[in-house]
Each structure stands twice: as structure tokens, then as C-alpha cells.
Amino acid sequence: MLRFIARRLLFLLFLLFGVALFVFILSHLVPSDPVAANLSQSALNNPEIVAAFKEKWGLDQSLFSQLLLYFQHLLTGDLGTSIRTGRPVFDDLMQFFPATLELSIVAMVIALVLGILFGTISAIFRNKAIDHIIRTVSISGVSIPSFWFALIMLNIFSSVLGITPGPGRIDTRTTTPEGGTGLLLLDSFISGNFQLFSDVAMHLILPGTVLGFFTMGLIARQTRSNLLEVLSMDYVRTARSKGLKESAIIVKHAISNAMIPVITVAGIGFCNLLGGMVLVENIFAWPGIGQYAYLSAVSLDFPAICGVSLLIAFIYVVINLLIDILYGVIDPRVRYE
Amino acid sequence: MMKKISLLSILLVLVLSLFACSNNGEKTNESGGTSNTDTIVIGVASDWKTLDPARAYEVFGNLYFYATYENLYTLEGSELIPKPALAKEYTVDESGLVYTFKLEEGRKFSSGNAVTAEDVVFSFNRTINLKDNASALAKGVVKVEALDDKTVVVNLKEKDASFLSKLTSNAFAVVDSKVVKEQGGSDAEDASTTDAATTHLDGTSAGSGPYVLKKWTPNTEMVLEKNPYYTGTVNASKIIIKEIPDPNTQIQALEKGEIDVALSVGPDQVKNIKEGGNSKVVSSPTSTLSFLLMNNSTEIGKEMSDPLVQQAVRYALDYKGFQQLAGDGALLPMSFVQDGFVGAKSRSDNYQNLEKAKELMKKAGYEKGFTVPLTAANYDSEGLSWVTIAEKVKEDLAKININVEIQTGDIGVVIEDYRNGKTPFLVMHWSPDYYDLSNQLAFIPGDIVGKRANWEPSANAKLVSLSEQAKVEIDDTKRAEISGKMQEIIAENSPYAFLVQHPKSFAVGVNLEGVTYNDLYKLRLNELKLSK
């Protein structure tokens, strides 16, 4: 097991190197100039300002020299300085990532709970009305564009019904507390500030549901099909013939065996959440990594783009590693040699 | 195991929901507004990259800088004419190159330090030597010196009729030199490599404006609190600026009373504001001008480089249609000088003339028309999409047999081609860096935009000569005359068709007072007031 994890972590290093190289080259192939993207019309006509800008950001050097310098810094853990914000990319990522992580976790919890629940109900009541309803909802979850769904949900639940608050992580008339982990739910809980905790929780529900809806659809569909397959297996038939209650068969024997593919889908779903972040964060004014990535991309902020890519690649690999480890926990037959 | 995880998850969701439900409706009163009239919340989709006045150039920059810093000269209300601020008066010598400013007495920075001539000298020199975006406006300044505590002398390289206008921008905001130096700031010639004060200025302001920056989290929020040393009007003691990128979300938050101003919205969103609700629409002219560029190079522009075709295009366009698209408050300037600038002229009501346009097409040898690609970036001017503009152009030009094929693209790529003069036919906008006729001279042959249209100075020597006069003429009446002549020439003979001067439409809570929009600083935050 430990050797397996060590091997995967070694692979992670190579992967991050590859991602950094790929993103660096790709972002320099874009037919657009970071000088033009970051200097005003008047400044662009001033050769002194253009030269100072190029010197400051190393753009006066050859692409190869820039690449070498970038990797030299990367080896010391320095992700560089963002051209757009003027701050170290690492600091920016640490500022924006907790908001995204918090939202992703809530979205994932919603997706898992509802997905497994709906998938199970759907399998038990196969081809009944409830099955058709759940399947329709699941397909909607997979097919509805997240930004459109976000706008509709915000309009219905926030503007029309007034059940949930509007945009942001907390009430607009209060300011975000500083310090802590940046995970506001956790920070407010630890500090015993339950008013803030409830405010943060309230703000998480709508974007969390919108973001989790897609993954929920995937998990529900996967749970249903796996459970149906498991329920038709010999050992289930044997259990039934022994007179075991249907609920005991499903809970004790069927669900755990149907879970391995669901975990794979959930892992992929979690990674997809990060991909769907840009639009959802935009609509809910969620100051996370999605917005940071978008703004960095339009400013051709190479260090920031590379930093975000490395972070996302890191998360993908770590999640896949966790999934592989979970296989073994759920199914003791899985070995890691 | 899975059962435990599921149970825990359900428990977590239930706890969240309970907390959430207990919170519902607690923050706002019945009208949807807040009971705290001392704090105003503004929703924006800002473009702030830095809050260092000697570096910034972003569109929303002066919303912040006018709240926290002061300049020698400023703009007031919706006017674009410079008025004294930290300076009480100025004189200019006979050469027109030496300006002497007398500072107001008793002005203090938020640190309690007095505003002195030395602070002005430091601020100007720092802007020049940082060689960042803001430095571009200080290009003509060769020397700044303090004669005494309250007298500053500025020497210019050449006469500049727009100097006072430039002084109103953040590039010339006066910083507390003692504080900035303590934080590693430098005004020396090597400041571009040695100055280290930007990080400090991104977190705390060092000006004498009505507010002090308490907190700025990029892409999230900004908190401003009243400057205890400011002696002018300050209505709200606290301003919170929240980043809300999506305009529809801004409107929803406003209608719910969660914010008091939805600033970054466009004509499409304000249409949804219902009368008698919690919010109202404010529309005001801006200096943003949409135009079509027809490349003058025969190799690049092909048919569009023909002056007869260019003139036919101008006659074929339905300007009133563009005015409607841009929304309430949109204006139709005659050509490249916006309403509000010296000598600005308006387009005549019956300018569109299809018969004349068709005649010109025939004269150019294109009676049967031709096909041309029109580039429109996925971008907007004050909420009006460039692609929508392009669709209207296509519809109008079809009437004179020009078949327009719209090509959309990323703004970064489109701008790059535009700046290199490679685009044959393009939808573009112009938003001035400072509010003076001189800024518009970029459209003259051989100048910034002129080059992008491959319009060489030799193409119109008279226009070039008038432009040189406009740069240095200080007498407003004479300058207005020169401006008028240039507008008339460009309206009839140029590679541009100026479409519309955009309005800024945004929405505010019905109980918000003191809302006057200015294209430079957007809103004077200290004048905003919530009625009880």
C-alpha cells in the first residue's frame, strides 16, 4: 500500500512538471500580447514604459530563458508573481482556493447524499413513476447548463421566494473575516461565531446545490444501474431465497457492492465541479479560484494561469489517489501490488 | 462504512439547513433595505489591478482614488471641466510651459500630516519614474519643484492644452510622502526597480480624500471608512464595495436590498427594473464612443480602403437605431469628438441617406456590392455587445449591397490585430485616458488610431496641422473652432464611422441620494446618502 502511494506521488511530480511545461508553452502560443493586455493605450505608445514592463516581467528575454527561469523558481516552490494582481501567485491561490474548496465540498456532499438516495430509490422502484421522475431529474442534472441553472435558481429562491440570500459568501453588508483557514464555515464554527456560521451556511446552500446538481445526476444514474445489476446477481437471489428482508438485502449486501463504480464517478464528478466553477462562481459572486483563473486568462497572466493549472492537476491526482485507496477500503478484494 | 458517510452527510446538510433557516429574513427590513443608513454597499464588476495611484489606469480606478486621494485639480458633478481641489489657483507663464500652483491651507492626509508642496513633488516624480501605466499621462512633465510649503512649479516639455485635464487623473493624485517613503516608496529616477510601496498602498490608502481604505481583497470586497481629517462633506461613514461580476445578479441583489448601487450593469439589465419597486435607473452620458474602422491599406482593407466606399458606409448607417440600441441617454456626435469636450458637434438628424450611399457605391464601381468580413470581439461597450452592433451594421449595409460576414473573436486577439493595423473592417470603441480634446487626436492620420487604420499623415495634411494647433492652443474659443473644423473633415473623409456615444445605465436603491455620474470617477462616494 505504502509503495503504491509513494509510486503515485512520484508520478505526481512528473505530471506537475508536464503540466507546467505544457501550460507555459500553450499560453505563449496564444496570438495575443501580455504587454498589450496589461498596458493602457497611452502607455503602449511610450517605449520607456513598454521596456520597463517587459523588463519587470522578464518578457524581454527569450522564451527559453523565461522557461528556464520559471522552472528554477518552481523548483524552489516559487510560483512567481501575478502580472495582474502584482502579488505572489501562491498567496493568490491561498486566498481564492478556500472559497472554492468549501463550495466544492458542500456541492459534493449534496451530490453524494441525493445521488445515492435517488439512485437507490430509482433501482428499487424500477420502471415505476418515481423511477421515471428521478431519471428525468438526473438527466436534467447532467444536461442543464450550470450558468443557466444558477441564474434560474437565484431568481426563484433568492429574488422571488426570498428563501435564500443573494450573491457572495456572506451577507453583503458585512465584511469577510480575516485569518483562519479561509473555510468560513469551519472558521466561524471554531471561533464560536454561530451567527456568521448560519450566514455562511445560508449562502452555501444555493450555489452548492447548483454546482452539485450535475454530479448528483451522474451519481444517481450510476447508482441505479449498478444496483440493478447487483440485485440480479446470484448471491442476492440466494439471500432472498433464505428469506432475508428486501431492505436488509439492499443495505447490507447490495449497496456496498454497487458503490465502487459510484466512487469512480463521484471522484470524476468532484474534479468536474472545479471545471464548472468559473460560471457558477461568476453568477454567485463567489470569490474563488474559477474567477481568479478567468481573470488571469483574459489578462494573459502567465504565472497565474500556470499556478492555477498546477493546483488543479494536483487536486485531480490526489483525488484519484484517494479513490484508489477507497476501493481497497470498500472492497477488500482490491490489492495494490 | 458508506452508511456512516451517508448518515454524516445527511446530518451535515440538516444542520446547515437549520442554521440557514434560522437566519432567513434577519438582515433586511421590510422594504428590502438596511436599517443602517451609515453604510452604503455598492455592487461592481471592477477591473482593479492595483490601488497605487502612480500605477493604476483601470476604468474603475478613480471610483476608489476620488474617494481616498485628492488632486490639485478635480472634476465635479457630471462635468469634464477641471476645477481647483488641493490647489486654490494656478498661473501659467508666457511660454505656456511653466505652471505655478498655490495649495489650499489646512488640508491634511488621513495620517494627520499636512499636505505640502513636497508631497506634490514626490507624488508627481514617483508617477513619472515608476514607468507604469499611470506614467503615460505624466510624459510631458520635465521638472516639478516646491518653491515653498504651499507653492509648486511644474515645467512642461512642450505646451499642452490638456495639462489641467490630465491633472484630474489618478496619475497626479497627491500621496502622503512621509508615509509612502516609510513603506519603501521612492520618487528617484530608478523608482521603477526600487520602489516597494505598492503592496502597502494596495492595503491602505495614503491620501487626503474623504475616505480611508480599511481593506481590499481583490475580486471580493473593499471597505472604506471616513477619513477623520477630511473637512468636506462625508455622508456615509462606511462604504463597502462588493465584487459581483454578473450584472443580472447585481440587479437581483439590489432589488432585494442587499446592495444600494448596481454599478456594472447595462441597458439590457436595467430594462428589468420595475417601477415602484426598491430600485430606480440612472442614465448618464459617458465618453465611450463606438466606431467602425475601415482599413485604409488597399492590401488589408481592399474595398473598404476606398474613400468612396467609406463615405457610402457612413451614409448607409442608421445612427438613430444605434442610439436606441445603446439605451436612454445615448448621444450621436458628428465624428470623433464626444459631447462634453471642447467644440463638440452633434450629428444632424437626417444624416442617413441611402440614395447618396448607393450613388457613392456606384461611383466607386461597386454597384452590385461585395462581401467583407467585419470583426467584432466578444466584448461590450457599457453593456452593449459589439456583436449586437455588428449585426446592426450588417443589416444596414445590406441595403447598399455590402454583404457583411461577422467574425467574432476573443478581445485579446482582436485588439492585438487592431493595434497592429491588420483588421480590414472592425467594430471598436474608444474610451479616453483623460477628458480633453487632445486625447481624441489619436484619430488623426499617423496618430495612435490613425496608424491602426493605416491612415498616413500624408493623406490629410490639413488635419495634421489642425491637430498640432489643437494640442497647444489654450484659448477655449479658438480651440473649439479648431475642434469643429477637424470634426467636419473626419465626418466626411476618414476611415472611420462613428456610431454612438454610449450612456452609462445603472441602478440604485430608491432611498439613495446624491447620485451624480461622472465618466472619470463614476460616483462621488462621499456624496451618497441613504434617506431614513
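UniProt positions are given here in the numbering of this model, with feature names shortened, and such annotations may be inferred rather than shown by experiment. With that in mind, the unreviewed UniProt entry places the annotation "domain: Solute-binding protein family" on residues 82-442 of chain B. The end C-alpha atoms of this span lie 21 Å apart, and the span is 29% helix and 25% strand.

The model is a predicted one, in which local features need pLDDT of at least 70, side-chain atom pairs count only at pLDDT 80 or more, and totals for chains, interfaces and linings use all residues. Residues are numbered from 1 along each chain as its sequence is written, while chains are lettered from A and ligands numbered from 1 in the order in which they are written.

Read along the sequence, the pattern of chain A is α-α-α-α-α-α-α-α-α-α-α-α-α-α. The C-alpha trace of chain A spans about 85 × 55 × 40 Å along its principal axes. Of its 337 residues, 42% count as buried; a residue is buried if 20 or more other C-beta atoms lie within 10 Å of its own, exposed if 12 or fewer, and partly exposed in between, with C-beta atoms placed from the backbone. Among contacts between residues of chain A at least 6 apart in sequence, 74% join residues at least 24 apart, a contact being a pair of residues whose C-beta atoms, placed from the backbone, lie within 7 Å.

Chain A is divided into domain 1 (2-75) and domain 2 (93-330), with bounds that come from an automatic or database domain assignment. The centres of these two domains, taken over C-alpha atoms, are 33 Å apart. Their contact takes 15 residues from domain 1 of chain A and 11 residues from domain 2 of chain A. On the domain 1 side, the elements that give two or more residues are α1 (2-29) and α2 (34-38) of chain A, and α1(A) provides the largest share, 10 residues. This side divides into 11 nonpolar, three polar and one charged residue. In this grouping Ala, Val, Leu, Ile, Met, Phe, Trp, Tyr, Cys and Pro count as nonpolar, Asp, Glu, Lys and Arg as charged, and the others, Gly among them, as polar.

Helix α5 (residues 63-75) of chain A has 13 residues and should span 18 Å at 1.5 Å a residue, which agrees with its end C-alpha atoms being 18 Å apart; the expected span is 1.5 Å times one less than the number of residues. Just after α5(A), G77(A) takes a positive phi of about 85 degrees. A285(A), a residue other than glycine, has a positive phi near 50 degrees. A285(A) lies in the loop between α12 (246-283) and α13 (289-298) of chain A, and is buried, with 27 other C-beta atoms within 10 Å.

The contact between the chains takes 59 residues from chain A and 59 residues from chain B. Helix α10 (residues 194-231) of chain A gives the most to the chain A side, with seven residues. That side divides into 33 nonpolar, 20 polar and six charged residues.

In chain B, the domain assignment gives domain 1 (41-255 + 510-530) and domain 2 (285-503). Their C-alpha centres lie 32 Å apart, and 12 residues of domain 1 of chain B are in contact with 15 residues of domain 2 of chain B. The domain 1 side of this contact divides into four nonpolar, four polar and four charged residues.

Strand β4 (residues 87-92) of chain B and β5(B) pair in the antiparallel sense over five bridges, and V92(B) has Y99(B) as its bridge partner. The hairpin of β4(B) and β5(B) has five residues between the strands, and in it G96(B) takes a positive phi near 75 degrees. Five bridges also join β5(B) to strand β7 (residues 151-156) of chain B, again antiparallel, with K102(B) opposite T151(B).

How values were computed
Contact = placed C-beta atoms within 7 Å. Helix = DSSP H or I, 4+ residues; strand = E, 2+ residues; numbered from the N terminus. Pairing = 2+ DSSP bridges.
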